[in-house]
Amino acid sequence: MGRAIRRIVPALLFTLVAACTGRVPMPKIPAAKGAHCVRPTQWMIKNHMKLLMQLRYEAVHEGIRHKAESLPGCINCHVSRLPDGKYPSVTSRKFFCNACHEYVGVRIDCFECHTNRPQTDGAVVAETGREWVLAAGAWRHRAAVSGRKADAASTVSAAQGRRWRSPYRRSHER
Amino acid sequence: MSDEHAGPGGAENDVDEGRRRFLGAAAVSALVLAPGVSLIRYAEGDERSTAGASSKTRWGLLIDTTKCKPSCTACVTACSSYNGWKNEGRPTDPQWIRKVQVTDPSTGFSRSVPVMCQHCANAPCVEVCPTGASFRRADGIVLVDRHICIGCRYCMMACPYKARSFVSENLTNQKPWAPRGKGTVEGCTLCVPRIDAGKIPACVEACRREGGRAMTFGNLKDPASAISRALAEYPSAQLRADLMLDTGVHYQGL
Amino acid sequence: MRAIHYREIDGRSVGFWGLAALLAAFMAAGVTAAYFMAHIGHIITGMTNQVVWGMPHVFAVFLIVAASGALNTASIASVFGRVAYRPLARLSGLLAIALLIGGLAIVVLDLGRADHLGVALTHFNFRSIFAWNIFLYTGFVAVTGWYLWVMMERRLNRYTRMVGTVAFLWRLILTTGTGSIFGFLIARQPYDEAIMAPLFVMMSFSFGLAIFILVLMAAFKGARRPLGDDTLMRLKNLLGVFAAGVLYFLLAFHITKLYEAAFRGAEAFLLWDGGIYTFLFWFGAVFLGGMLPMLLFWLPQTRRSRAAAGWGSASVVVGGLALMYDIIIGGQAWPLSIFPGMKVSSSFYDGVVNSYSPSLPECALALGGCALALFIILFALKLLPFLPESLADEGVVESDMGSAKPKAAAGAA
């Protein structure tokens with residue numbers, strides 16, 4: 001028993017120390033555009049998957065879509081062109097999501113279907129009564145220029161009471 | 001403190017020390033992970049998200065085939081460019097909407113009909129999907145939740161209108177609002193990203209702009225909408241009405 | 001009543017390891033094909049948006065249907081009390097499990113997103129027969145495993161009848177579910193018939209017993225154990241009845257379809273216009289699957305021949321595969337009737353008979369699943385006592401007319 005411990009413990013220590021001393025380099029996370037993220041960083045590191053699953057369900061099954069709080073929204077801020085003008089590929093370390101995911105060894109499935117490129121500047125996404133325009137990496141809104149006249153019953157009133165609450169309270173709901 | 005590392009005190013302390021150093025390194029690196037990000041505030045101006053689907057609405061399409069020219073494929077081109085699919089004629093290529101030339105063999109009368117997912121209320125594809133990936137939203141649109149789709153293609157066997165396609169190869173450069181990927185099933189979504197944002201489907205808009213103005217889109221549950229008034233006033237039909245699927249797409253002039 | 005002794009096969013001969021290696025090679029080919037299908041996509045197969053289920057499904061459904069039928073022999077022994085079939089019950093249970101696993105492996109590996117299998121096992125839409133089938137198939141493996149246990153554990157032999165009845169009912173529901181996969185489809189004219197469920201049940205009796213006979217003959221030959229004529233003749237006579245039953249259900253099915261004007265186009269396609277499908281129907285399903293076996297089994301010249309029993313069973317298997325091909329692929333080749341009575345054409349292959357040619361990856365996957373089933377049988381025979389030491393003629397003639405008494409004989413199955 002003692003002999004086993006005397007063999008296992010140094011092996012464990014070696015692994016830990018090797019990890020800490022940079023034999024496996026810590027990931028370099030590419031910088032994001034925009035002023036700040038939709039959630040505090042610590043919260044996001046821990047809970048981004050729960051947030052994405054919640055947003056995914058809302059968008060696909062309930063038709064509730066948000067501008068910045070969405071996978072394309074994340075990509076718009078977090079993915080930038082490389083110095084050579086190209087976008088990083090999903091499997092490269094220069095891609096925001098993969099930089100960390102490759103380090104922790106968790107496979108990302110999203111980009112089989114979702115594009116890893118941001119919408120280009122000038123992209124317009126319309127909402128009832130107003131439009132969002134992506135310019136210089138930030139979304140700005142302006143009054144709607146065109147769009148159909150909404151049928152009276154077709155616009156459900158006032159987002160059915162959805163309002164922003166503190167992210168710290170929300171974190172418990174996810 | 002777990003009992004697993006019970007043993008000579010020296011070894012236990014070494015492991016703890018190693019653990020603390022590792023956790024410390026992880027915590028420090030987490031703090032420097034996202035430079036320039038403030039920890040407290042979050043995005044403003046995000047309050048106006050889309051409202052969400054409601055069962056007070058049932059989206060429908062009315063297609064007047066008398067205004068549909070056989071040579072016109074505006075709806076197909078618009079759908080294809082909005083959603084990012086391409087049909088180059090291979091049997092494995094997807095096609096969310098197509099023009100079908102329908103000829104009566106006994107009279108010779110011929111009509112060009114756009115056919116897409118009919119968004120049935122009693123959709124067979126929704127019934128047969130084992131995981132529930134093929135589902136009907138509250139506002140009547142039949143969709144595939146590709147996160148849950150296992151690619152069994154049973155819905156393709158079940159659909160009477162051949163509305164669904166299976167993605168057989170790796171895709172790149174998908175549109176950000178229309179994710180699509182290999183191994184899942186797809187079909188007409190009535191352009192849900194546009195509808196959720198208050199616009200009309202791409203095919204309807206293209207038909208209005210460049211085609212024969214044959215398509216009307218609107219809320220079937222609102223008697224005042226253009227589509228409901230047209231359906232109440234002129235005869236219309238559903239494809240394979242005998243199957244009693246209660247489709248959301250109606251045709252005139254068949 | 002003579003005691004039956006079961007013993008593992010030696011499994012040390014060149015033939016055994018040679019067969020194992022051959023099966024392993026087919027399994028490796030199947031897994032390789034699945035790997036490429038998962039990484040490159042179904043574009044490398046012959047399956048298209050018109051014919052969405054292909055060769056893998058033909059073999060998978062065949063194996064699953066045969067699996068439930070293979071349990072028949074055990075059911076005849078335990079549930080219906082035919083003592084003569086008792087020695088065969090364990091092998092029957094083994095075949096049922098092995099064939100089902102082979103079929104399931106093909107289906108799962110063919111999924112477009114097999115990595116979402118965890119989703120499939122946690123999200124269920126219970127209006128779908130597929131969702132029910134997930135429980136029916138896995139439950140069948142469990143129930144048959146339980147059945148084998150009470151048969152093989154002497155102290156539990158008194159429960160054999162009860163568990164055997166559960167297994168028998170389970171497999172009838174399972175095969176009904178499998179037939180309903182197609183029977184419930186209103187969209188396609190070659191399907192959409194309630195009779196498809198009992199048709200599949202009858203097919204399961206026929207294919208399952210045919211495979212059972214072939215495996216029995218091969219196993220006894222390979223293990224150099226005596227297989228008496230009496231057992232073999234009994235089984236092959238039963239198979240003749242089952243093959244006739246399949247023909248009967250096919251007849252009822254197609255006569256009904258032919259009677260209705262709406263379906264005459266689809267029936268004409270299958271029965272005389274359809275090229276390969278017509279050939280497979282008449283030569284494969286009807287002749288090889290029914291007429292030839294019946295002739296071989298019942299003509300005075302061949303009815304006592306063991307070779308005829310073997311060839312007849314093989315013929316049933318080939319005919320069964322042909323019938324499955326016709327049902328699954330022929331049913332998709334015929335175009336959908338979106339505008340009944342009209343002539344249609346489009347850029348999405350509306351209105352035309354859809355073509356399909358099986359590709360190498362599909363066939364490799366299909367045969368890999370078959371190889372998996374046989375591999376399981378091969379090694380199970382070596383590891384556990386499934387096979388009776390002898391099925392020589394004495395001792396299995398009498399008392400098959402009486403009902404079984406649980407304490408009939410020591411060592412009886």
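Q: How many cavities of 30 Å³ or more does the structure hold?
A: This is a predicted model, in which local features need pLDDT of at least 70, side-chain atom pairs count only at pLDDT 80 or more, and totals for chains, interfaces and linings use all residues. Residues are numbered from 1 along each chain as its sequence is written, chains are lettered from A and ligands numbered from 1 in the order in which they are written, and side-chain values use heavy atoms, with hydrogens and water left out. On a 1 Å grid over the protein atoms alone, a cavity is a set of points where a 1.4 Å probe fits but cannot get out, whereas a pocket is an open set with protein on both sides within 12 Å along at least five of seven lines. The number of cavities of 30 Å³ or more is 14.

Q: How many nonpolar residues are in the lining of the second largest pocket?
A: About 910 Å³ of space lies in this pocket, and among its 35 lining residues C:Leu19, C:Val215, C:Ala218, C:Leu374 and C:Leu378 lie nearest the centre. Nonpolar covers Ala, Val, Leu, Ile, Met, Phe, Trp, Tyr, Cys and Pro; charged covers Asp, Glu, Lys and Arg; the others, Gly among them, are polar. The lining has 6 charged and 4 polar residues, and the nonpolar ones number 25.

Q: What percentage of the residues of chain A count as buried?
A: Chain A has 5 helices and 3 strands (E runs of at least two residues), in the order α-α-α-α-β-β-β-α from the N terminus. Buried means under 20% relative accessible area, with a 1.4 Å probe and protein chains only. Of the 174 residues of chain A, the buried share is 37%.

Q: What is the average pLDDT of chain A?
A: pLDDT is the predictor's confidence in each residue, from 0 to 100. In chain A, 65% of the residues score at least 70, and the average is 72.

Definitions and conventions
1 Å grid on protein atoms, 1.4 Å probe; cavity = no way out; pocket = protein on both sides within 12 Å on 5 of 7 lines; lining within 4 Å. Points joined across faces, edges and corners; volume = space filled by probe spheres on them. Helix = DSSP H or I, 4+ residues; strand = E, 2+ residues; numbered from the N terminus. Buried < 20%, exposed > 50% of the residue type's maximum accessible area, 1.4 Å probe, protein only.
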